[in-house]
Amino acid sequence: MEADDLSEQIHSTSPAVGLRAVGALHRLAEQVEAVHVRAAREQGWTWEQIGDALGVSRQSVHAKYRE
């Protein structure tokens, strides 16, 4: 999905189109988060530091991404 297409869908007045855009954004956010959590761990960040950066507990981020 192109960024312009997604932007257009976000601003659609159709709930079906808008909700599909929300789903795409959720999937994209999950992918970006995973990339950066992995990078943080490779750079020696603790689960607490990652959780703080994400605004969640260290336990929740560890449970989601534990190695």
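1. Let's start with Lys-64, which counts as partly exposed at 44% relative accessibility (buried means under 20% relative accessible area, exposed over 50%, and partly exposed in between, with a 1.4 Å probe and protein chains only). Please keep in mind that this is a predicted model, in which local features need pLDDT of at least 70 and side-chain atom pairs count only at pLDDT 80 or more, while totals for chains, interfaces and linings use all residues. Residues are numbered from 1 along each chain as its sequence is written, and side-chain values use heavy atoms, with hydrogens and water left out.

2. Which residues does Lys-64 join in a network of salt bridges? The network links Lys-64 with Glu-30 and Glu-33 (a salt bridge is a side-chain nitrogen of Lys or Arg within 4 Å of a carboxyl oxygen of Asp or Glu). By this rule the structure has two salt bridges. Side chains of opposite charge can pair when their charged atoms come close.

3. Take the pair with Glu-30: its side chain meets that of Lys-64 at 2.9 Å, N to O. This pair links distant parts of the chain, since Glu-30 is in helix α2 and Lys-64 in helix α4, 34 residues apart (helices, H or I with at least four residues, and strands, E with at least two, are DSSP runs numbered from the N terminus). Glu-30 is partly exposed, at 39% relative accessibility.

4. Now the pair with Glu-33: the closest N and O atoms of Lys-64 and Glu-33 are 2.9 Å apart.

5. After α3 comes Gly-55, with a positive phi near 75°.

6. What makes up the largest nonpolar core? Six residues do: Val-37, Ala-40, Trp-47, Ile-50, Val-61 and Tyr-65 (a nonpolar core is a set of buried Ala, Val, Leu, Ile, Met, Phe, Trp, Tyr and Cys residues joined through side-chain atoms within 4.5 Å). At least two residues of this core come from each of α2, α3 and α4. Leaving aside neighbours within four places in sequence, Val-37 is in contact with Trp-47, Ile-50, Leu-54 and Tyr-65 (contact means heavy atoms within 4.5 Å).

7. Lastly, have a look at the loop between α2 and α3, where you will find Gly-44. Is Gly-44 buried or exposed? Gly-44 is exposed, with a relative accessible area of 54%. Its C-alpha atom is separated by 16 Å from that of Leu-54, ten residues apart along the chain.
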